[in-house]
Amino acid sequence: GEAMREQLYYYLQNYAGLTALIGANLFPQRVPTGKALPTLAYTFSGRNPEYDQDGLDGENEVTVEFNCNASTLGGAVAVADQLYLAMAIQNDATFGELGNYVTLYSTTLETEFDNFDLFDGSEDGTRIVTQTYTLRYK
């Protein structure tokens, strides 16, 4: 739960290829109004504990949806490409800070699609590439 949320944020915030594009514009849940593009927002949409023959095995599976937002489709794709590289974490990788580590067993890109939104109130709108991942961790 909470440890995964914190460590994923910490990991992405320190992934150089991603921060080169979005700077500090990484947001859990939604992008605050008025933030300059490009941005990356993400939500945890489901968490399922894993069971084996003996019961709860301590592993979890969570679905995370990322929205890569930019003023152009090319900009949104560039953020999505860096996110994809960031999420290509080696299986059984441990990441985190301050002794609050999470062991990530696998990351799977489930879906990717393009979108367009006029939520900024302008005629230009925002281009969005959405990626959904399944993460297995302990």
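I started with the contacts of leucine 109. Leaving aside neighbours within four places in sequence, I find leucine 109 in contact with Tyr84, Gln131, Thr132 and Tyr133; contact means heavy atoms within 4.5 Å. This is a predicted model, where local features need pLDDT of at least 70, side-chain atom pairs count only at pLDDT 80 or more, and totals for chains, interfaces and linings use all residues. Residues are numbered from 1 along each chain as its sequence is written, and side-chain values use heavy atoms, with hydrogens and water left out.

Leucine 109 lies in strand S5, residues 100–117. Helices (H or I, at least four residues) and strands (E, at least two) are DSSP runs, numbered from the N terminus. The cut-offs are under 20% relative accessible area for buried, over 50% for exposed, and partly exposed in between (1.4 Å probe, protein chains only).

Next I checked leucine 135. It sits 26 residues from leucine 109 in sequence and 9.0 Å from it in space, C-alpha to C-alpha.

Then the core. The largest nonpolar core has 27 residues, and those with the most contacts inside it are Leu8, Leu12, Phe66 and Leu135. Such a core is a set of buried Ala, Val, Leu, Ile, Met, Phe, Trp, Tyr and Cys residues joined through side-chain atoms within 4.5 Å. Elements giving two or more residues to this core include H1, H3, S5 and strand S6 (126–137). H3 supplies the largest share, six residues.

I turned to the helix pair. Helix H1 (residues 2–13) and helix H3 (residues 73–87) pack at about 120°, axes 11 Å apart. Axes are lines fitted to C-alpha atoms, for helices over the stretch in contact, and angles run from 0 to 180 degrees between N-to-C directions. That makes H1 oblique to H3; under 35 degrees is roughly parallel, over 145 roughly antiparallel, 65 to 115 roughly perpendicular, and the rest oblique. Leu8, Tyr11 and Leu12 of H1 meet Leu83, Ala86 and Met87 of H3.

Last, the whole chain. I count three helices and six strands, in the order α-α-β-β-β-α-β-β-β. Of the 138 residues, 35% count as buried.
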